[in-house]
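Thank you all for coming; I would like to walk you through one model this morning, going from a single residue out to the whole assembly. Please keep the sequence and the picture in view while I talk.

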2 protein chains.
Amino acid sequence: MGFSLSNSSQKLSSDSPIGIFDSGIGGLTVVRQLISELPNENLIYLGDSARVPYGSKSSKAVIQFSIQISNFLLKQNVKIIVVACNTASAKALSILKEKFQIPIIGVIEPAAKKAVETTKNGKIGVIGTTGTILSQAYFREIQDLNPKIEVFSKACPLFVPFVEEGWIEEEATSLVAKKYLAELVDAGIDTLILGCTHYPLLKKVIQKEVGSSVILIDSGHETAIFAAKVLKETNLLNFEKNVKPSQKYFLTDLPLKFTEVGSNFLGSKIESVEQVSLD
Amino acid sequence: MGFSLSNSSQKLSSDSPIGIFDSGIGGLTVVRQLISELPNENLIYLGDSARVPYGSKSSKAVIQFSIQISNFLLKQNVKIIVVACNTASAKALSILKEKFQIPIIGVIEPAAKKAVETTKNGKIGVIGTTGTILSQAYFREIQDLNPKIEVFSKACPLFVPFVEEGWIEEEATSLVAKKYLAELVDAGIDTLILGCTHYPLLKKVIQKEVGSSVILIDSGHETAIFAAKVLKETNLLNFEKNVKPSQKYFLTDLPLKFTEVGSNFLGSKIESVEQVSLD
């Protein structure tokens, strides 16, 4: 394609890959949505599995890790970076945007926007890791869009380990969800942002606890739609329909049960994974 | 004291500190036991909180992290290293022992030995992280001591996040414990090794699920006794009773809620913590 965006050292074109990163494998739920929304695009995924999870770590650490990863992705000539991690989006996105010249999008803005469009009673719930919730990133984003909306936030740190253990529909999972979500139900929210890339796998139990009238917002889905919009606006969408797009997966550690768990997140089989060091 | 152990570059003496490390703050339960068993000793603790947890990571990663940390501790002139992390003990101890010249002890051998001495019916249970259990380190250690003993192992990856969330006596905690421990109860074990430094905080719920007749072995406690024995044998015990021993805490990241959670593990207030980079 003829379009290009000048970068410090390289020419980017529409067939350059989309770079996506997450602290681990949760971001594969965002990849799944990107593949669905943008089936022609080449993708490069980096999961920082050597240092997962980010949710309980300091802002300083998360910013440092995110810069390292972005540098890695830029070396792969990506045309856009999708920060497919709520914690990194909350803590590092603004710094990444300042530091790098290609479009960089996070998962928070698209989900916040969709929630604001969706709510009828002006009461939005947000669930995520401790890091994401303490950052108040969703709260601020929603308030910027509409200061009249009330935001009820709740950190649910046990949801990630439950998903990774594969306990999706256990009695204990329901009990944990009930305990975490009770105050959001009491607050009368009508919209709930799933502010962690692991949470779409718990949609069923979460929906059951909050009730069928509450609309769940999947941050990965909204981010994929937003990524398509940004690529269109910057003339970087890939229209090469005849070429089978490539998907490359890099991890900083090859964890136990990766192929099994990762494929659950992605919704299809991960063909190959390469281990890289960022240090 | 006059005794010393020659090292490649430094003189070690009985007032040199004991080095202890863990993937995060779980090892503070071992520090607590060390302080109780060896009240005169100076201690240096390194928690690799930037990369916690180790339990689900590859052997290669755990070995690399453990070597980096041991080098850091050796620069602090430690006279012995206590690997206060079951995963690192399982995966890296033999390599650390080969690589470094000071005494290095892990948590597995002391706990396995105590369990073998304790069991009457020859049926020992072991619980730990996925990494520890898959390594079969406890199984091999017990089999070496007495091949007639039957070992029943169970990975309990949700126990660590429950402890870190502070959900010690919740209904959900009991449900999770029941689900994990049922097969060990069915197997008729009379001794259960708590093969993770977080688990002593769940002693009550674990004891309830396995029944009061099962004896729980706290690997941290056994390790502290073993450390005292090794220091005595190498003439490196500190007898300087008049000096207030120093305890220094280093972390690779300063996580959220550290002082609160860390003090729970240690059983007393952590006065100061320094952040260090190992890269």
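This is a predicted model: local features need pLDDT of at least 70, side-chain atom pairs count only at pLDDT 80 or more; totals for chains, interfaces and linings use all residues.

**Starting from one residue**

Ile225(A) is partly exposed, because 15 other C-beta atoms lie within 10 Å; a residue is called buried if 20 or more other C-beta atoms lie within 10 Å of its own, exposed if 12 or fewer, and partly exposed in between, with the C-beta atoms placed from the backbone. Residues are numbered from 1 along each chain as its sequence is written, and chains are lettered from A and ligands numbered from 1 in the order in which they are written.

Ile225(A) belongs to helix α10 of chain A, residues 219-233, where helices (H or I, at least four residues) and strands (E, at least two) are DSSP runs numbered from the N terminus. Leaving aside residues up to four places away in sequence, Ile225(A) touches Glu37(A) and Pro110(A), contact being defined by C-beta atoms, placed from the backbone, that lie within 7 Å. Ile225(A) and Ser36(A) are 189 residues apart in sequence, yet their C-alpha atoms are 9.7 Å apart in space.

**The sheet in chain A**

In chain A, six strands make an open sheet with parallel pairing, in the order β6-β5-β3-β4-β11-β12, and two strands count as paired if DSSP finds at least two bridges between them. The edges are held by β6 (104-106) and β12 (273-275) of chain A, each with a single partner strand, so one side of each has no neighbour in the sheet. On average, with direction ignored, neighbouring strands of this sheet are turned by 20° against each other.

Strand β5 of chain A, residues 80-83, is joined to β6(A) by three bridges in the parallel sense, and Val83(A) has Gly106(A) as its bridge partner in β6(A). Helix α1 of chain A, residues 28-37, also packs on the sheet, touching β3 (18-22), β4 (43-47) and β5 of chain A, and its direction makes about 155° with that of β3(A).

**Strands in chain B**

β3(B) pairs with β4(B) in the parallel sense over five bridges, and Ile20(B) has Tyr45(B) as its bridge partner in β4(B). Strand β4 of chain B, residues 43-47, is in turn joined by five bridges to the parallel strand β11 of chain B, residues 247-251, with Leu46(B) standing opposite Phe250(B).

**How the two chains meet**

Chain B can be laid on chain A with an RMSD of 0.0 Å by a turn of 180° and a shift of 0.0 Å along the axis, the superposition being by least squares on the C-alpha atoms of residues with pLDDT of at least 70 in both copies. That is the relation of a two-fold axis. Arg51(B) is the residue of chain B that comes closest to the rotation axis, at 2.2 Å for its C-alpha.

The contact takes 24 residues from chain B and 24 residues from chain A. On the side of chain B that touches chain A, α5 (130-135), α7 (159-165) and α8 (171-187) of chain B each supply at least two residues, and the largest share, five residues, comes from α8(B). Of the interface residues of chain B, 100% are also interface residues in chain A, so the copies meet through the same surface.

**Confidence**

Finally, chain A averages a pLDDT of 92, and 95% of the residues score at least 70; pLDDT is the predictor's confidence in each residue, from 0 to 100. Over residues 1-9 of chain A, however, pLDDT stays under 50. For the complex, the predictor gives an ipTM of 0.83 and a pTM of 0.87.

Methods
Two residues are in contact if their C-beta atoms, placed from the backbone, lie within 7 Å. Axes are lines fitted to C-alpha atoms, for helices over the stretch in contact, and angles run from 0 to 180 degrees between N-to-C directions.
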